[in-house]
Amino acid sequence: MLLILRKTYEDLSQEAARLVGDRLRRKPNLVLGLATGSTPLGLYTALIDKCRNEGLDFSKVTTFNLDEYIGLPRSHQQSYHYFMRESLFKHINLDSRHTHVPDGMARDIEAQCEWYEQRIVDVGGIDLQILGIGANGHLAFNEPGSSLGSRTRIKTLSERTVRDNARFFTSMEQVPRYAITMGIGTIMEARELLILASGESKAEAVRAAVEGPITAACPASICQMHRRAYFIIDEAARSKLTQVPVEEVTGREYAAPGYQSLRLGEPSEIFGERRAHERT
Ligand code: F6R
């Protein structure tokens, strides 16, 4: 596991885009796992910029999104299909036939989940999975208590999530109660994980994920078991970590017991031959 600290959300987004860009240049037919939510928006903006201004080529890329609500049509503004189209897909040269978001309107949801898993296998597995982290440590819709070996499946949304989502809908009846989500086992099979966290509201979840025990009570803690998991976090999200030396200068990357370190200004080890993460 590698912890990369960036000062601000903007810096974090740029670093994440650098990593995605690097992987894409090395492998033009990259299989990229994508997340929705507010955290990856800065990354997506940076990728759009790289596509338009640096010629970053997505034409051979295949994507798989983590999750989708059940019962929302693709055109619904709260659907993750809509989110991805508006935030990323329509702005880059991605072939829409190569994008995958679970179909929450499928007549047979279980068959859809099985198809999704099989489709990932058929394209050779996910190379790089982008992830946000919930304030309670959830990954995708795998809320605390989810099986750490779970596969793509239907999840009942927690009361809390339903309540939180209510503001996006005109009535409570419209708020989705179920979702399709990649499982934690599915996510763990990606060759690399890129977990992004920004802001104080994520600080406790980051601490639990990075320093806490590996437990279903904090699904993101399973990332400790992944050989190539990179957390890119900003200052605020890092604020509850206890093993990062407090005297470190803001904006520098940290050497801390238990974590791999990176130095600012040099190519990150994740881009080079040293493959520092393999020593963890
Ligand atoms: C997104 C997803 C969620 C979010 C998480 C953080 O596809 O599955 O797990 O990554 O809820 O959301 P934000 O980034 O909005 O804080």
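This is a predicted model: local features need pLDDT of at least 70, side-chain atom pairs count only at pLDDT 80 or more; totals for chains, interfaces and linings use all residues.

For helix α1 (residues 9-26) and helix α2 (residues 41-54) I get an angle of about 55 degrees. Anything from 65 to 115 degrees would count as roughly perpendicular and anything under 35 as roughly parallel, so α1 and α2 are oblique to each other. Their axes are 8 Å apart. I also checked the handedness: α1 passes α2 in a right-handed crossing.

Next I asked myself which residues in α1 meet α2. On the α1 side I list Y9, E10, S13, Q14, A16, A17, V20 and G21. Facing them in α2 are G42, L43, A46, L47 and K50. Sorted by class, this contact has seven nonpolar, four polar and two charged residues.

Then I turned to a sheet. Three strands make up an open sheet, and I read their order as β4-β8-β7 with antiparallel pairing. β4 (67-69) and β7 (153-156) are the edge strands, each pairing on one side only. From one strand to the next, the twist averages 30 degrees.

I zoomed in on β4 and β8 (residues 178-181): three bridges join these antiparallel strands.

Last stop, the ligand. How many residues surround it? I note 13, and the closest are T36, G37, S38, T39 and G132. By class, I have five nonpolar, seven polar and one charged residues in the shell around the ligand.

Conventions: Residues are numbered from 1 along each chain as its sequence is written. A residue is near a molecule or strand if its C-beta atom, placed from the backbone, lies within 6 Å of it. Ala, Val, Leu, Ile, Met, Phe, Trp, Tyr, Cys and Pro count as nonpolar, Asp, Glu, Lys and Arg as charged, and the others, Gly among them, as polar. Axes are lines fitted to C-alpha atoms, for helices over the stretch in contact, and angles run from 0 to 180 degrees between N-to-C directions. Helices (H or I, at least four residues) and strands (E, at least two) are DSSP runs, numbered from the N terminus. Angles under 35 degrees count as roughly parallel, over 145 as roughly antiparallel, 65 to 115 as roughly perpendicular and the rest as oblique. A crossing is left-handed if the near helix is turned anticlockwise from the far one by less than a right angle, and right-handed if clockwise. Two residues are in contact if their C-beta atoms, placed from the backbone, lie within 7 Å. Two strands pair if DSSP finds at least two bridges between them.
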